[in-house]
Amino acid sequence: EVWASIKSKQEPEGEIPRHLLTVPGVLGDVVTYSAATAIKLQPQFDVQTALAIGSVAMGRRFVTDNRNMTGLYFLNIGKTGSGKEHANTVMEDTLEAADAIHLRGPNGYTSAPGVISTLKDKPTHVAVIDEFGSMLSSAGARGNQHKKDALVMLMEAFGRQTKTLRNVGYATLQMTEGQKKALDVEIKSPSITLIGMTTPETFYEAIGGKDVASGFLNRFLIVESHRPRELSRTPAMIDPPKSVTDWVKSASTATAESGNLSGDNGHEFPPTPILVPFTKGARDLLRDYEKKLNDWQDRIAPVQADMLNRTREIAMRLSLIVAHSLGDKEITVDAMQWAIDYVDFYA
């Protein structure tokens, strides 16, 4: 009864299409849980959190017949004290309740080797980075080459989920054999899910055309909340729903029946992923959407057009998450349409 009451209180958020304020399938229960336990309501960030949980739980373990995996980067932009930090709490509580807290990664990366070493220990993980805008500012400052390198490695990892991620080259003349070996690391099928949080002021001061042109920001699903400041609520004292924790447990341990019998053997031997193909209807939707994106990019300035370069790819990854949230064995028109609607609205 309490759960039904919580769900009934979820309302549309201004001009945001109602169906984009939840996630189809089991992950919709994460959205409801996140809203119920929040001190400040942020419906858009609840959806981002649910998608991030799906992204990390399915990382390395599911793949489409277009070689898309689920690792995604999310960015939540909101006023100071508006409740954007709740995503971290929901993420940790859900992973812990699902016995999957090992998927929780660092609160940021200070260098390219930092990204690689984290992936070596946790080839699938979620990083929750508070004050993401400050991180961008720091990386853009003169003399902070290590942080710039970390961003470059994150860019690289985004596109290497079905391939191998290698460390950047370093001068090794003065190094011992042990130090050289430590740098010589290869991560097969790396899967990073990233949730960044920032205020509008910090973010917009930090970014410039170079961030877009470099291809870093177009890897993110960027959601800015325009909700006014509100009084704090008394959050519900409830545990993550069993439907969600069971789903996370199952997704984060899944492997293809014909695959590696011993499952996941770390950064060198990833699990054999479960194939989730696109239906013909889903592919037709993708083709139509690609035409729309091409027309859109032809009409706008090059820097703006660069922001749309990965929109279709993100939609494909998102549709894989939604399909599994629905319990489907293939990506249907429903999953594909929701994913397209979501990325298109925020693009």
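**Briefing: core, helix packing and loop residues**

In the largest nonpolar core, which has 93 residues, Met-336 and Tyr-342 touch the most other members; such a core is a set of buried Ala, Val, Leu, Ile, Met, Phe, Trp, Tyr and Cys residues joined through side-chain atoms within 4.5 Å. The model is a predicted one, in which local features need pLDDT of at least 70 and side-chain atom pairs count only at pLDDT 80 or more, while totals for chains, interfaces and linings use all residues. Residues are numbered from 1 along each chain as its sequence is written, and side-chain values use heavy atoms, with hydrogens and water left out.

**Overall build**

- The chain holds 15 helices and eight strands, where helices (H or I, at least four residues) and strands (E, at least two) are DSSP runs numbered from the N terminus.
- Of its 347 residues, 51% count as buried, a term that means under 20% relative accessible area, with exposed meaning over 50% and partly exposed lying in between (1.4 Å probe, protein chains only).
- Among the contacts in the chain with a separation of 6 or more, 77% come from residues 24 or more positions apart, contact being defined as heavy atoms within 4.5 Å.

**Met-336 and the pairing of α12 with α15**

- Leaving aside neighbours within four places in sequence, Met-336 is in contact with Phe-278, Ala-282, Leu-285, Leu-286, Ala-315, Met-316, Ser-319 and Ile-331.
- Helix α12 (residues 280–299) and helix α15 (residues 333–346) pack at an angle of about 20 degrees with their axes 8 Å apart, the axes being lines fitted to C-alpha atoms, for helices over the stretch in contact, and the angles running from 0 to 180 degrees between N-to-C directions.
- That angle makes α12 roughly parallel to α15, given that angles under 35 degrees count as roughly parallel, over 145 as roughly antiparallel, 65 to 115 as roughly perpendicular and the rest as oblique.
- The contact is made by Gly-281, Ala-282, Leu-285, Leu-286, Tyr-289, Lys-292 and Trp-296 of α12, together with Val-333, Met-336, Gln-337, Ile-340, Val-343 and Asp-344 of α15.

**Helix α11 and its partners**

- Within helix α11 (residues 242–251), the buried residues are Val-244, Thr-245, Trp-247, Val-248 and Ala-251.
- Seen down the axis of α11, these buried residues fall within an arc of 160 degrees, so they line one face of the helix; the arc is that of the directions from the helix axis to the C-beta atoms.
- The buried residues of α11 pack against α2 (27–36), α3 (43–57), β1 (62–63), α4 (86–97) and α14 (311–325).
- For one of these partners, α3, the axis comes within 8 Å of that of α11 and the two cross at roughly 30 degrees, which makes α3 roughly parallel to α11.
- In this pair, Ile-53, Gly-54 and Ala-57 in α3 meet Trp-247, Val-248 and Ala-251 in α11.

**The oblique pair α5 and α7**

- The axes of helix α5 (residues 112–121) and helix α7 (residues 145–158) come within 6 Å and cross at roughly 45 degrees, which makes α5 oblique to α7.
- Here Ala-112, Val-115 and Ile-116 in α5 meet His-146, Asp-149, Ala-150, Met-153 and Leu-154 in α7.

**Loop residues with positive phi**

- Most residues other than glycine have a negative phi.
- Ser-189, in the loop between β5 (186–188) and β6 (191–198), has a positive phi near 55 degrees and is buried, with a relative accessible area of 11%.
- Not counting residues up to four places away in sequence, Ser-189 touches Arg-60, Pro-123, Arg-160, Gln-161, Thr-162, Lys-163 and Pro-270.
- Glu-131, in the loop between β3 (124–129) and α6 (132–140), has a positive phi near 50 degrees and counts as partly exposed at 32% relative accessibility.

**Other loop residues**

- Thr-70 is found in the loop between β1 and β2 (73–77) and counts as buried at 0% relative accessibility.
- Apart from neighbours within four places in sequence, Thr-70 is in contact with Ser-55, Met-58, Gly-59, Gln-161, Leu-320 and Ile-321.
- Pro-277 has its place in the loop between β8 (274–275) and α12 and, at 25% relative accessibility, counts as partly exposed.
- The C-alpha atoms of Pro-277 and Glu-330 are separated by 5.0 Å, although these residues are 53 residues apart along the chain.
- Not counting residues up to four places away in sequence, Pro-277 touches Asp-65, Lys-329, Glu-330 and Ile-331.
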